[in-house]
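This briefing covers a few selected residues and their surroundings. Please keep the sequence and the model in view while reading.

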Amino acid sequence: VDAMLHGLRDVLATQGERLAKACAISFEKDDDLHVDLVASIANLRARSYGIPEADRLYVKRVSGRIIPALVTTTAAITGFTCLQLLALTQRKPLCRLRNVFMNLALPLMLPSEPREAPRVPYLEGGGVEG
């Protein structure tokens with residue numbers, strides 16, 4: 001942990017002014033500063049949770065795929081949500097709504113009928129029963 005903290009301190013010491021600017025920046029996987037910072041923080045977190053650490057090249061490779069994956073996932077979720085909203089606005093029966101399990105890595109999409117939500121009885125004083 002000490003070596004990683006020293007590495008993070010070195011990055012902050014040499015590039016602190018650049019990092020301290022209060023403005024949004026775009027992550028660039030080809031910028032050594034960005035990759036070093038993400039790798040240091042990721043490895044500190046990995047050590048905290050007792051999971052394997054990642055080397056710098058792995059972090060660089062994975063980080064280049066994160067934004068496209070987020071955009072793709074967000075678009076898919078938005079589309080599925082709009083389909084459910086459309087069914088509700090057209091007053092379709094609730095049995096027409098669907099849960100969707102999605103795994104973009106496979107690719108896999110499994111729609112399923114949602115379970116009924118559990119009913120919780122309320123007490124007279126406004127509380128919820130156990």
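A residue counts as buried under 20% relative accessible area, as exposed over 50%, and as partly exposed in between. F27 has a relative accessibility of 37%, so F27 is classed as partly exposed. The model is predicted.

**F27**
- F27 sits in the loop between α1 (2–20) and α2 (32–49).
- Beyond neighbours within four places in sequence, F27 is in contact with H34, V35, V38 and S63.
- The C-alpha atoms of F27 and G64 are 9.2 Å apart in space, while these two residues are separated by 37 residues in sequence.

**S63**
- S63 belongs to helix α3, which covers residues 56–89.
- The relative accessible area of S63 is 9%, so S63 is buried.
- A polar atom of the S63 side chain lies 3.0 Å from the backbone oxygen of K60.
- Apart from neighbours within four places in sequence, S63 is in contact with F27 and K29.

**Nonpolar surface patch**
- Three residues, L85, L88 and L94, form a nonpolar patch on the surface.
- Together, L85, L88 and L94 have about 320 Å² of accessible area.
- L88 is located in helix α3.
- With a relative accessible area of 44%, L88 is partly exposed.

Methods:
Residues numbered from 1 in each chain as written. Predicted model: local features only at pLDDT ≥ 70, side-chain atom pairs only at ≥ 80, totals over all residues. Heavy atoms only, no water. Helix = DSSP H or I, 4+ residues; strand = E, 2+ residues; numbered from the N terminus. Buried < 20%, exposed > 50% of the residue type's maximum accessible area, 1.4 Å probe, protein only. Polar contact = N/O pair within 3.5 Å; in protein donor to acceptor, adjacent residues only side chain to side chain. Contact = heavy atoms within 4.5 Å. Patch = residues over 30% accessible without salt bridge, like charges linked within 9 Å, V, L, I, M, F, W, Y side chains within 5 Å. Areas by Shrake-Rupley, 256 points an atom, 1.4 Å probe, with all protein chains shown as cover. Salt bridge = Lys/Arg side-chain N within 4 Å of Asp/Glu carboxyl O.
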